[in-house]
Structures are given as C-alpha cells and as structure tokens.
Amino acid sequence: MTPAATPAELLHAFARTRARLDGGEVTYWWTGDVHSWAPGEPYRRLFGFEGLNVARLVADEESGGYQLLSREAAFYLDPVTREIMETWQDKPVVHVWNDPANQKWRPFPVPVTELGDQICFSLEIPLAYPSPLPVEEYPDHSADDTYRALELFQFFAPATALTTDAASVPATMSWTRMSPWLPWMEQGARPGGLTFHCRGRKLDSYAQVPERTRAYIADHHPEFAHAPEKWSEPNETSWTYFRRLFPPHRGGALSAGPERRP
C-alpha cells in the first residue's frame, strides 16, 4: 500500500484481507479472554472466549463497495479448563449466535499502518444506540437505556501478498471490545463492565476450526458453518438475541423460559 492509495484501492485491499473477492466463503477464528472491571475492584479474568465468523463478499454496484454477508458464533469458556461453559454462578450462559452479522462497505479511507513486511488495517468503532434491553423492562440485566461499547479491530496481511492479484490474502487479526456487563450475568445497575481481548486468523477452510467448536455448532445451530446466501436485516447482537430468548411481559417481568428462534 502507498500513502497515495485512494479510498477505493484501500477498500479493495482490505476486502481481500477480511474476506475474498471471488464470492467464496471465508472463516475467521479467534480466541482470547474476557476481563471485568468495576470501581474499587481488581481486574478479573472471568471467562475464556472463542468464536468464529463465516462470511462471503458480494459486490454492491450501487455504492461501489461490498456487502459482507456473515454469521458469527462465539462461546464463553471456563478460564482454566477452556471448556465451553453452560452455567456461571448458577446462571445459564447465553452464548453468541449472531445471524446475520452483515455489513455494507463503501469506499472510505481505511486506516493503514505499514509494519515492515506487514500491513495493518485498523478499525475503531464506537457504538451508542438505544438498548434492546431497556432498564424498565430488564432491571436485572441492563444498567442503561443506551447501549455503549467500543470495538477495536486490527487485520494484518503480508505486504507482498497485497501486491498480487490474488482474490484472498492470508491474514491474522486482533479484536478488543469494551462493553457493559452481559445481560445473562444479571449485574443490574452495578457500575463497571467487560473488556474482551482476542486474537485470531483467517483459516484456509471451516474444517480448520477446532473440532470441539465445530461439534458444538453442529449440535446447536449447524447453519453457522456457512455464510448467508443473501442480504437480510436487522443484524442480531447478544442483546437482541437475549431479548428474543427472554421477551418481557407487561410490568417488566421476563417470560418463564426461553423462546427458540424461528
């Protein structure tokens, strides 16, 4: 990449790093940990975290950019054994099943840093929007009527690979997120929140996802082994998925049991 690269050229390079230009599926896998912070308390490593995103890229003729069609699954792990957790402090764990997790990309000046033989694409995404879990309806699961988080992505690709015409280039990635407590943790209005710290890579195929994780997906939501075929909206998040599982009743009480997704 050069400092004079246009937004369209930068997006083209980023698209080959994040996905592939020939419409084929791309699986990113990551692993890491989730740490808690709260005023007056020490930082704690609460969970391990492992996930994957399976995506395909479609050209968007209208914008001159792309549509990224993806599903994303991620799992909270015991911080010592790294096994997938089903309960935490006697509460059921709600894992991440985001379907879809789509994006629309228009040409924009993607931040790029040259690091010797690597190129780093960095994305800093502050989020603030009305929470799907208003405090009045979810007093035990939400501390604010506005969902606020900070998502920090870095994608690293070999500089020489980006000089080729390859539809896809090898890549590694890092991801950090600062977010509120998770709804299923039932922390209510307690001050503080979570920091996710993960790293991962673009796999050659979905078959390279760890067998334990592939088996868990096959047993629960096998559709997450593949990217969506077409655009749909709105996106699913941990907060909208929790609301789908536990819709509020009048008076703010939650339903007695989870509703399955259609």
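Trainee: Which residue in β3 is the bridge partner of valine 54?
Mentor: Arginine 71. Keep in mind that this is a predicted model.

Trainee: How many bridges join β2 to β3, and which way do they run?
Mentor: There are 13 bridges, and the two strands run antiparallel. Strand β3 covers residues 65-77.

Trainee: What sits between β2 and β3?
Mentor: Four residues, in a hairpin. Glycine 64 is in that turn, with a positive phi of about 75°.

Trainee: And β1? How many bridges join it to β2?
Mentor: 11 bridges, again with an antiparallel run. β1 spans residues 26-37. One of the links pairs threonine 31 with glutamate 50 in β2.

Trainee: How many residues separate β1 and β2 in their hairpin?
Mentor: Six. Glycine 40 lies in the turn and has a positive phi of about 75°.

Trainee: Is β2 largely enclosed or open, then?
Mentor: Largely enclosed by the rest of the structure, because 13 of its 17 residues are buried.

Trainee: Let's pick a residue there. Is aspartate 60 buried or exposed?
Mentor: Buried. Its relative accessible area is 14%, and the cut-off for buried is under 20%. Aspartate 60 belongs to strand β2.

Trainee: What does its side chain reach?
Mentor: The side chain of aspartate 60 reaches the backbone nitrogen of glutamate 62, at 3.2 Å. Leaving aside neighbours within four places in sequence, aspartate 60 also contacts Gly65, Tyr66 and Gln67.

Trainee: Where is tryptophan 175 relative to aspartate 60?
Mentor: They are 26 Å apart in space, C-alpha to C-alpha, and 115 residues apart in sequence.

Trainee: New topic: rings. How many aromatic pairs are there?
Mentor: The count comes to 24. Take phenylalanine 49 and phenylalanine 196: their ring centres are 5.1 Å apart and their planes sit at 80°, so this pair is edge-to-face.

Trainee: How are the rings of tryptophan 88 and tryptophan 184 arranged?
Mentor: Edge-to-face, because the planes are at 85° and the cut-off for that label is over 60 degrees. The centres are 6.1 Å apart. This pair also links distant parts of the chain, 96 residues apart. Tryptophan 88 is in strand β4, and tryptophan 184 is in the loop between β11 and β12. Both tryptophans are buried.

Trainee: Which residues do ring pairs link into a cluster?
Mentor: Trp30, Phe47, Phe49, Tyr76, Trp88, Trp175, Trp184 and Phe196.

Trainee: Which residue lies over the face of phenylalanine 196?
Mentor: Arginine 177, at 4.3 Å from the ring centre. Elsewhere, lysine 104 lies over the face of tryptophan 231, at 4.9 Å from the ring centre.

Trainee: Last one. Is asparagine 98 buried or exposed?
Mentor: Buried, at 9% relative accessibility. Asparagine 98 is in strand β6, residues 96-98.

Trainee: And what does asparagine 98 touch?
Mentor: Not counting residues up to four places away in sequence, it touches Arg71, Glu72, Phe224, Glu236, Thr237 and Ser238.

Notes:
Residues numbered from 1 in each chain as written. Predicted model: local features only at pLDDT ≥ 70, side-chain atom pairs only at ≥ 80, totals over all residues. Heavy atoms only, no water. Phe/Tyr/Trp six-rings, centres within 6.5 Å; stacked < 30°, edge-to-face > 60°. Buried < 20%, exposed > 50% of the residue type's maximum accessible area, 1.4 Å probe, protein only. Lys NZ or Arg CZ within 6 Å of the ring centre and 35° of its normal. Contact = heavy atoms within 4.5 Å. Polar contact = N/O pair within 3.5 Å; in protein donor to acceptor, adjacent residues only side chain to side chain. Pairing = 2+ DSSP bridges.
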